[in-house]
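Thanks for coming, everyone. Please take a look at the structure on the screen, and then I'll walk you through a few parts of it.

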Amino acid sequence: MANTTKREKRTYHRHTIQQTHRLEAYFKGCHNPDESQRLSLCTELNLEPDQIKFWFQNKRTQNKAKNERNANILLHGENEKIQCENEAMLEALKNVTCPTCGGPPLGVERKHNFQNLRLVNNYLKEKRDKLANNVSMNQHQQTMVNTFASVQGQQIIDTHTSYGTISNNLMNDPSNSSGSSTSQVQLQLISQMDITQLSETAGRAIEELKWLFATEETLWVMSSINGTYVIDQESYEKFSHSIKHFRNLSGRVESSKDVTVVPIEATNLIEMFSDSEKWKMLFPTIVTKAMRVHKLGSELPIKENCNNLQVIWEQLHILSPLVPPREFMIVRCCQKIDEGLWIVADVSHRIVNSDQINPFCYKRPSGCLIRALPGAHSEVTWIEHVEVEHKPDEHRLYRELLCGGSGYGAKRWTTTLERMCERMTLYSTLIIPATDWSEAIATVEGRRSVMKLGERMVKNFSEMLTMSGKVDFPQQSKCGVRISIRMNNEAGQPSGLVVSAASSFSVPTTPLQVFNSLRNNETRHQWDVLCYKSAVSEIARVFTGSNENNYITILQPKLRDDDGISLTQGPNKKMMMLQECYMDALGGMIVYAPLDMASMSLAASGEVDPMNIPILSSGFTISNDGRRSMGRAEEGGTILTVVFQILVYGEDNRIRKVNEQSVDMVSSLISSTVRDIKLLLGSPLE
C-alpha cells in the first residue's frame, strides 16, 4: 500500500512547446552546459535546475543512439557492397590460370598444390641449412659457427603393406613455438669481451651450485604436489640477488633435486657431458638436438673455479607434440673441486640475437655433482632450476605435470641417466647374459647390433615427437589427431613421403597397468593392425637394464594361410617387429617398427652396420598425469600418446603431392587404434 501511495503522489512535469524549442536551440550550440548556464536557463524558462540537468542528459543519450543507428545503417550498406565485390572476385578467380605455367584455378586442387609446395620448400630449406652448416664449420672450426639448423625427419604410413612402409590438434602448435627448428641461428664471432663475460658467468654459476648442493634445511623444502624437494624462492632470492627474466604474472620458476647411483666411471661420465653428440645420445628421450657452438680453450682466462668451458645450443622435448620444446643457449662449465669430486654447471647466456633462441625459458645455474664411487660407479646429484613463461597454448593434459616440476625436472634426468648407463654396461658385456633368450640371436655381435638398432629406433621416435616443420590439416584437429608431413631423406630411414600422426588422451589407470596391457602379446591383436587380428609370438628378448620391464623383443605375427596377406609371400617377405620398451618412476615408452625377415636376420647377425637398415618407428609414450601426491605410484591416472609413422610414397614414386585421402586414412587408422586401446583398458570412449 505504501508503494502504491507513493506512485499516486508522484507528479510529472511536461515542458511547454516554447520551453522545448528553447532547449533544443541551446542544445545545438552546447551539448553539456555548466552549472551557471543551467541556472540562467532555469531563470529564463521558469524550470528547476534538476529539470534542466536531466533534460540535457536524456537529450545527449537520444542523440548518441540516433548517431549509432545512422552509422550502423551506413556500415551495413558498405558491408553488403564489399560482399558483392568479394563474391564477384571469387567467381572471377575460379577461371583464372597462371599465364606462365597454366596452373589450376583457385579451389581444392590449388589448396593441395600449396600444401605440396610448403612440404617441398621445408625439405629444400633443410638441405640448404645442412650445406651452409658444413661450409661454416670447415671455415671457422675454432672460433666461429656461421650457421646451424636443425634438420629433423618425421615419418608416415601406408596401410596396404604395413605402417612403417605405407601409407594432432587436440592441439595448438607448441612444436613451432620456438621457431628455431627450421630457421637458422646466426652466431657471431665471439669477442674477447664475450670470452671474459662467459668466464665470469660460468664462475658465478659454479659458486651458486656449490651453495645449492651444500645448503639443505634453509633452502630446500618438500613439495606438497609430488613429495620432491624444491628451492624456497624467498630464501634463494636473498642469497643470489638474481634478476627475474619474466616479471609478469605468467612467469613461473621450476626447481627440483634428485640423487642416483649409476654404473659408470665418473671420468667417463664427465667426458660424455663435455661432448654434445654423446650428451644427446646419453639422454635420447629428453635432448632432441644439441650442438657445441664454441669451446673456449687457450684464449680463455682460466680461473681457479673454471677448468673446462663451452657454449652449447640444445633443444629439449618430452612425451608428446602437445608439450612445447625448450631451447637453451647455455654456458657449460666443468670443475674438479676435490679428489674424485666434480661439478658440472649449466646456465643460460645470450651471445646471439635473443629473439632467435627460445624466449619463454631461461636456465638459472643448474647441473650435477658427480662423486666417484668404488667398483666403477658414480653418485650423481642433479639440480634443475629454470624460469618459464606460461604459454597460452600449453595444453591442459600436461599442464599439471609441467607446473608440478615432473616434466623437465631433475627426476627425469636422473632416471634417464640411470637407464642409459645400465644399457651401456649390458651393451659392452663380452658374453650373452643368462637373462636373455633368443631363437634368432646367436652371437654377442648380433646382440649388440640389435641393441644399437633399438637405440636408434627410440632416438628417432623421440626426435619425431616434436613434429616440427609440419603441414597443417585443420580438419584433423577437430578429431584430436595431429598430422605432420615430411619428405624423408634421412640415413637409416625409408626415403619418401612420410606422414606422422599423434593423439594424446588420459585414462583412469596407472602407468604400470597401461604399460603391461600394451606390451601383452596375448592381447596385442586387439589394437595393433600389424597383427591382422592374429596372435603374436616372441622369438627373442634382450634385456637393456636391471628393471625387468626394460628390454628389446623381436616379435612375429602368427599369420594364417587364409589371411590373404601379401606380406607372407616368400620366406624373406614375412613381416617381423622390433620392439623396445622401458618403465621407470615417471612413466615409460613402447617403440616398435616392422621389418621384413631378411632385414631382421641382417640385424641379428651382427655382420652389417645397423645404421644401414632402414627403420620407421611408431609407438607410445606413457606418463603419470601429475596428480599423484607424494610420488605414490598407485594414485593418479595416465596420459597416453599414440604415434604412427607411415611411408605413403616411396623414393621411386613420381607422384609426390600431398594426398588428402592418405592423410584421412592415417587419421582414421590412429583414431580407430585409440578407440581399441580405450576398450582394452576399460576407459570411457567419450
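**A strand covered on both faces**

Let's start with strand E12. Both of its faces are covered. On one side sit Arg 482, Ser 484, Arg 486 and Asn 488, and on the other Ile 483, Ile 485 and Met 487, all of them buried. Keep in mind that this is a predicted model.

Why two sets? In a regular strand, side chains alternate between the two faces of the sheet. In E12, seven of the seven residues are buried, so the strand is largely enclosed by the rest of the structure. Its partner is strand E13, residues 496-507. Seven bridges join the two, and they run antiparallel. Ser 484 stands opposite Ser 500 in E13.

Next, salt bridges. How many does the structure hold? There are 21. Take Arg 326 and Glu 254, whose side chains meet at 2.9 Å, N to O. Arg 326 is in strand E6 and Glu 254 in strand E3, so the pair ties together parts 72 residues apart in sequence. Both residues are buried.

Now compare Lys 278 and Glu 271. They form a salt bridge too, with the closest N and O atoms 3.2 Å apart. Lys 278 is partly exposed, at 33% relative accessible area. Glu 271 is partly exposed as well, at 44%.

Last stop, the largest cavity. Its volume is about 160 Å³. Of the 16 lining residues, the closest to the centre are Thr 285, Leu 319, Arg 412, Tyr 582 and Met 589. Which element gives the most to the lining? Helix H11, with four residues. By class, the lining has seven nonpolar, six polar and three charged residues.

Terms used
Residues numbered from 1 in each chain as written. Predicted model: local features only at pLDDT ≥ 70, side-chain atom pairs only at ≥ 80, totals over all residues. Heavy atoms only, no water. 1 Å grid on protein atoms, 1.4 Å probe; cavity = no way out; pocket = protein on both sides within 12 Å on 5 of 7 lines; lining within 4 Å. Points joined across faces, edges and corners; volume = space filled by probe spheres on them. Nonpolar A, V, L, I, M, F, W, Y, C, P; charged D, E, K, R; others polar. Buried < 20%, exposed > 50% of the residue type's maximum accessible area, 1.4 Å probe, protein only. Pairing = 2+ DSSP bridges. Salt bridge = Lys/Arg side-chain N within 4 Å of Asp/Glu carboxyl O.
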